[in-house]
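Hi there,

Here is the structure I promised to pass on. Have a look at it first, and my notes on it follow below.

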Amino acid sequence: DDYVDYEVNLNETAIEYGDDDVWTGYMVADEVITSHGLVFSHAANPDWFTWSGFVPSRCQDNADYSAGNWLDHQFAAMPKGGLSGVGTPYFVAYWDSYSDSETDHTLAVKSVDDLTFVPQHMYVTNTSYVYYAIKNGTSWSKKFEPGDKFTLIVHGVLNGEEVSSVAVDLANYTESSTTLLDTWTMVDLKPLGEVSSIYFTFESTDSGQWGINT
């Protein structure tokens, strides 16, 4: 079979960034990001100042703001840039578990033309917000201890049904050597097989009545 080759490169995608090096459209309700034939989900509610999905960022400030307001510093990846180096663009992703449903996933990727594709790989890491929340704890989430894990799950969808999944630990305190990602780490997505879309969810050992605390 012939497949369209999608290779996302935000360096070559027309995106307007603000003075804070964050996409200016992240709080616009109907804006989405399209890059190299793929559509990355995004939703926003300006009245409540909330968003979900994907937001492009070039933020280099990965400092620990635990003593301040993390919402003012939520768009920084620990490597301070994408795969191309410090200050180059990358996606920050947020899964709105409350609004997620079987038919409407808040953190998803599909092709512009609704074509099927075979995912190859992606690179992931932690934002500074998540990194320091796990390392130090916050007023609403715990400092990770032996036995704790924070996991990203990639789900493959074909013809409206989930057909496969791949998981990667963003933090793993269950092994003899503690893992807390602060560099870009490649994830093999080929086990997903042919899909019409993929979507992302998270799992954490620090969860409660309202879902994940991490």
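A word on burial before anything else: a residue is called buried under 20% relative accessible area, exposed over 50%, and partly exposed in between, using a 1.4 Å probe and protein chains only. Asp188, with a relative accessible area of 36%, is therefore partly exposed.

Please keep in mind that this is a predicted model, in which local features need pLDDT of at least 70 and side-chain atom pairs count only at pLDDT 80 or more, while totals for chains, interfaces and linings use all residues. Residues are numbered from 1 along each chain as its sequence is written, and side-chain values use heavy atoms, with hydrogens and water left out.

**Salt bridges**

I counted a salt bridge wherever a side-chain nitrogen of Lys or Arg lies within 4 Å of a carboxyl oxygen of Asp or Glu. That rule gives five salt bridges. Among them is the one between Arg58 and Asp21, whose closest N and O atoms are 3.2 Å apart. This pair joins distant parts of the chain, since Arg58 sits in the loop between β4 and β5 and Asp21 in the segment before β1, 37 residues apart. (Strands here are DSSP runs of E with at least two residues, helices are runs of H or I with at least four, and both are numbered from the N terminus.) Arg58 is partly exposed, at 28% relative accessible area, and Asp21 is partly exposed too, at 24%.

Asp188 itself meets Lys190 in a salt bridge, at 3.1 Å from N to O. Lys190 has a relative accessible area of 46%, so Lys190 is partly exposed. Another bridge joins Asp114 to Lys110, with the closest N and O atoms 3.8 Å apart. In that pair Asp114 is exposed, at 54%, whereas Lys110 is partly exposed, at 38%.

**Aromatic rings**

How many aromatic pairs does the structure hold? There are 17, taking rings of Phe, Tyr and Trp (its six-membered ring) as paired if their centres lie within 6.5 Å, with planes under 30 degrees apart called stacked, over 60 edge-to-face and the rest tilted. The Tyr26 and Phe75 rings have centres 4.8 Å apart and planes at 65 degrees, so this pair is edge-to-face. Because Tyr26 lies in the segment before β1 (33-35) and Phe75 in the loop between β4 (50-57) and β5 (81-82), the pair ties together parts that are 49 residues apart in sequence. Both Tyr26 and Phe75 are buried. Ring pairs also link Tyr26, Phe49, Trp51, Phe75 and Tyr94 into a cluster.

**Ser57**

Phe75 turns up again among the neighbours of Ser57. With contact meaning heavy atoms within 4.5 Å, and leaving out residues up to four places away in sequence, Ser57 touches Tyr17, Asp21, Val22, Phe75, Thr88, Pro89, Tyr90 and Val92. Ser57 lies in strand β4 and is buried, at 0% relative accessibility. A polar atom of the Ser57 side chain is 3.1 Å from the backbone nitrogen of Cys59.

Which residues of α1 are buried? They are Ser128, Val130, Tyr131, Tyr132, Ala133 and Ile134. These buried residues pack against β10, β11 (161-172) and β12 (179-180). Gly137 follows α1 and has a positive phi, near 80 degrees.

In the loop between α1 (128-136) and β10 (149-158) you will find Asp148, which is buried at 6% relative accessibility. The side chain of Asp148 makes a polar contact with that of Thr205 (2.7 Å). A polar contact is a pair of N or O atoms within 3.5 Å; within protein, one must be able to donate a hydrogen and the other to accept it, and residues adjacent in sequence count only if both atoms are side-chain atoms. Setting aside neighbours within four places in sequence, the contacts of Asp148 include Lys142, Asn172 and Tyr173.

**Val112**

Lastly, Val112 is in the loop between β8 (108-111) and β9 and is partly exposed, at 43% relative accessibility. The C-alpha atoms of Val112 and Thr34 are separated by 7.7 Å, although these residues are 78 apart along the chain. Besides Thr34, Val112 touches Gly37, Leu38 and Val39, not counting residues up to four places away in sequence.
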